[in-house]
Amino acid sequence: MVTFISHSPAQTSALGEQWGREAQPGLVIGLSGGLGVGKTVLAAGLARGLGVTARVQSPTFALVNEHRGGRLPFFHLDLYRLALRQDIIAAGLEPYLFKPAGVAVVEWIERWLKDGPWPPAPGMKMRRVEIKTAGENDREICYEDFGG
Ligand SMILES: Nc1ncnc2c1ncn2[C@@H]1O[C@H](COP(=O)(O)OP(=O)(O)OP(=O)(O)O)[C@@H](O)[C@H]1O
Ligand SMILES: [Mg+2]
């Protein structure tokens, strides 16, 4: 488990950018931490690190946004509105959580995790990230890698 302290949105974005530069195909990054904690800021930085130039916004209504044109396809999911694992599967999002054909960042991964385990598929690597508010502009970003 690694802990990174961010003191600004720019620092959170830069962490995401570094992850995007290093990301291998099949990586799934699950983000949790509550409303407005900085998940989309991290996701947008990651997109930039992949070389995605499009604007990245919370896909709360679309459920998933796909961005091509970077080094790898980037899939940005938001599970906020889906209460149960069954709903996530019914929405067709399960393939993104196991071995995406690119890199997937999943906001509100706790929606998926609360109903069971999330074992990495063969060849898949996942990073679980928890962001906590530690002050107005301070965030504690804890993450751990599984699989790979
Ligand atoms: N260190 C920081 N890192 C990230 N965001 C920060 C930081 N300090 C302040 N902020 C602010 O917190 C907010 C984070 O918004 P963001 O949309 O990324 O949250 P979110 O976790 O995606 O929320 P939601 O659950 O609604 O999708 C922004 O307004 C950002 O400017
Ligand atoms: Mg968001």
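What spacing do the donors of the magnesium ion (ligand 2) follow along the chain? The answer is T-x17-S-x48-E, where donors are N, O and S atoms within 2.8 Å of the metal (3.2 Å for Na, K and Ca); water is not among the atoms, so sites may look incomplete. Serine 58 sits in the loop between helix 2 (39–50) and strand 3 (64–67), while glutamate 107 belongs to strand 5 (residues 103–107), so this pair ties together parts that are 49 residues apart in sequence. Helices (H or I, at least four residues) and strands (E, at least two) are DSSP runs, numbered from the N terminus.

A quick word on the ground rules: this is a predicted model, in which local features need pLDDT of at least 70 and side-chain atom pairs count only at pLDDT 80 or more, while totals for chains, interfaces and linings use all residues. Residues are numbered from 1 along each chain as its sequence is written, chains are lettered from A and ligands numbered from 1 in the order in which they are written, and side-chain values use heavy atoms, with hydrogens and water left out.

Back to the metal: the coordinating atoms come from Thr40 (OG1), Ser58 (OG) and Glu107 (OE), at 2.1 to 2.3 Å. Serine 58 is partly exposed, at 38% relative accessible area, whereas glutamate 107 is buried, at 2%. Here buried means under 20% relative accessible area, exposed over 50%, and partly exposed in between (1.4 Å probe, protein chains only).

Glutamate 107 also turns up beside ligand 1: an N or O atom of its side chain is 3.2 Å from an oxygen atom of that ligand. Lysine 39 puts a polar side-chain atom 2.7 Å from an oxygen atom of ligand 1, and a polar backbone atom of serine 8 is 3.2 Å from one of the ligand's nitrogen atoms. Taken alone, ligand 1 exposes 650 Å², and the protein buries 75% of that; these areas come from the Shrake-Rupley method with a 1.4 Å probe, and for residues only the protein chains shown count as cover.

Then there is arginine 85, in helix 3 (residues 85–90). Arginine 85 counts as buried, with 15% relative accessibility. Leaving aside residues up to four places away in sequence, arginine 85 touches Arg111, Trp112, Leu113, Asp115, Gly116 and Pro117, a contact being heavy atoms within 4.5 Å. With tryptophan 112, the arginine 85 side chain reaches the backbone oxygen at 2.9 Å.

Terms used:
Polar contact = N/O pair within 3.5 Å; in protein donor to acceptor, adjacent residues only side chain to side chain.
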